[in-house]
Structure formats: structure tokens, C-alpha cells
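Visitor: I would like to learn how to read strands, helices and cores in a model. Please show me the structure and take me through it.

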Amino acid sequence: MRQVQQIMGMPISIDILNCKDESVFEQVFTRFHKIDRQFSTYRPDSEVSRYVKGEIKESSLSKELKFVIKACRLAEKMTNGYFSAWASGRFDPSGYVKGWAIKQAGQAIEKQRCNTYCISAGGDILASSDTDKAWSLGIQDPKNSYKILNKLSISNGAAATSGNYERGNHIINPKTSKPADGFSSVTVTGPDIITADILATAIFAMGAGGETLLQNHRAYRAIMIN
């Protein structure tokens, strides 16, 4: 069974094998909507927007936003500064929140004892299987949306892609404060969607030599397209 909704400015599709209760989709999409309302930088009334504008002090933030701020600081340290929620000059946790939201969606599905599923959201994939099911995905040619350059097969794991070919030069190299342009796209695969997403963004931001960021993450692999 498969359902798709447009949330967080991107199409989110959820496939669940042998799902007998459609309410699980409603629960998961409701969670995505809640996260969007709370963390969207495009909503002037979101908690993140109000925090950035100084309308809410850090001491008064929700526990979720406090957690995300702390996680973003840890991600920046983990990537030697190449993943930064402050790269644009103001706090924007979007690069972390997407993977975090996908992970929560997977946990919500598994709570319903549905263990074979695939979540696709804006170029990021989280797949799980307790059968012999393998989920197939393609890596798009950044210069031709109709062409697939690489195909991957994932049973249990994640894939995250960062690039400027859909949203323009939105990924900033925090070291130079300029848009990153060393690669057309970077896809990172590994066991955890949040880590894969962070590493994909950091490698893309760093450009040449970005693969060195994987040295302390042996379970992850990167596919870099110039």
C-alpha cells in the first residue's frame, strides 16, 4: 500500500508492504505536518521563525526545538564545521529536521508492527524489511531529471542526497560563506537516515576532499557526481 502527500515543501511517499490498517498513514503524515508547522522557516508563526526573530527566548523553547538545536551543534562538530545550521547567517535547522522527521516516521510505522516499508522524502530514503524484500532506488542525473545514473538496492538502511539542481544554490560552505559548487550531487548511504543526511550535506558543502568526512563513519558510503 502506498500514499503520497505534499508536506514540508516536498512530496513525501510512504510504501508499506502488507499493511492492513490505513490509519498508520494518517498517523505518520500527521506527524510530518506537525513538524512542518513547528520547524518550517517559511512559516512566520512557526516556533523556529519566532525564535530566529527573537520572539521566543531559548530558555522558553519546546523540548523538541532544544533537542534539535543541540543536535545541530553536535552535527557541526562531527563534520568539522561543514554541516552548519547557521551557515546562512541565521539559524536554519532544515538540513537536520528532514532526516529527523523521516526517522520519526519510520519509528511510528514500526510501532504499528509494520516492518517492511520505504519512506521517500525530497531525495532521502529510509527503507526497512523483515522479509527478503529489497527496495530499489535510482540516483537522478542532476543535469537531466529523466535520466538515472546509478541504481541502489536497500533492504534495511538509508540514502540521502544533497544537491543544488532542484532548489538552486541553497547549500552554503560555512568556511567560505559562499554557495557550494564542487559537486552536482552527493548521495550517502548507511544505516541511519539522520547521519546520512548530515554527511551528504557536509560533503557537498566541502566539495573537493569531502569524502574524508567519512573516515570516522565506516558504515557509510558516498556517491559524488561532478
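Visitor: Which residue in β10 is the bridge partner of Thr-161?

Guide: Strands of a sheet pair through backbone hydrogen bonds, either parallel or antiparallel. Here Thr-161 has Thr-187 in β10 as its bridge partner. Six bridges join β7 to β10, and the two run antiparallel. Two strands count as paired if DSSP finds at least two bridges between them. Strands (E, at least two residues) and helices (H or I, at least four) are DSSP runs, numbered from the N terminus. This is a predicted model, in which local features need pLDDT of at least 70 and side-chain atom pairs count only at pLDDT 80 or more, while totals for chains, interfaces and linings use all residues. Residues are numbered from 1 along each chain as its sequence is written, and side-chain values use heavy atoms, with hydrogens and water left out.

Visitor: Which strand pairs with β7 over four bridges?

Guide: That is β4 (residues 124–128), which pairs with β7 (residues 157–163) in the antiparallel sense. Leu-126 stands opposite Ala-158 in β7.

Visitor: In what order do the strands of the sheet come?

Guide: The order is β1-β2-β3-β4-β7-β10-β11, seven strands in an open sheet with antiparallel pairing. β1 (2–7) and β11 (221–225) are the edge strands, each pairing on one side only. On average, neighbouring strands are turned by 10 degrees against each other, direction ignored. Angles run from 0 to 180 degrees between N-to-C directions, and axes are lines fitted to C-alpha atoms, for helices over the stretch in contact.

Visitor: Why is β7 largely enclosed by the rest of the structure?

Guide: β7 is largely enclosed because seven of its seven residues are buried. Buried means under 20% relative accessible area, exposed over 50%, and partly exposed in between (1.4 Å probe, protein chains only). Gly-157, Ala-159, Thr-161 and Gly-163 lie on one side of β7, with Ala-158, Ala-160 and Ser-162 on the other. Ala-160 has a relative accessible area of 0%. Leaving aside neighbours within four places in sequence, the contacts of Ala-160 include Gly-123, Val-186, Thr-187 and Ala-200. Contact means heavy atoms within 4.5 Å.

Visitor: Is Ser-129 buried or exposed?

Guide: Ser-129 counts as buried, at 9% relative accessibility. Its place is in the loop between β4 and β5 (135–141). Not counting residues up to four places away in sequence, Ser-129 touches Asn-115, Thr-116, Ser-155 and Asn-156.

Visitor: Which strands does α4 lie across?

Guide: α4 lies across β2 (10–16), β3 (117–121) and β4, and runs at about 155 degrees to β3. The axes of α4 (residues 94–111) and α3 (residues 63–78) come within 10 Å and cross at roughly 115 degrees. Where these helices meet, α3 brings Glu-64, Phe-67, Val-68, Ala-71 and Cys-72, and α4 brings Tyr-96, Val-97 and Trp-100.

Visitor: How many residues has the largest nonpolar core?

Guide: In soluble globular proteins, nonpolar side chains tend to be buried together. A nonpolar core is a set of buried Ala, Val, Leu, Ile, Met, Phe, Trp, Tyr and Cys residues joined through side-chain atoms within 4.5 Å. The largest here has 59 residues, and Ile-16, Phe-32, Tyr-96, Ile-109 and Ile-119 have the most contacts inside it. α5 gives the most to this core, with 10 residues. Among the contacts of Phe-32, leaving aside neighbours within four places in sequence, are Ile-7, Ala-101 and Ile-119. A second, separate core of 10 residues includes Cys-118, Trp-135, Leu-137 and Ile-225.
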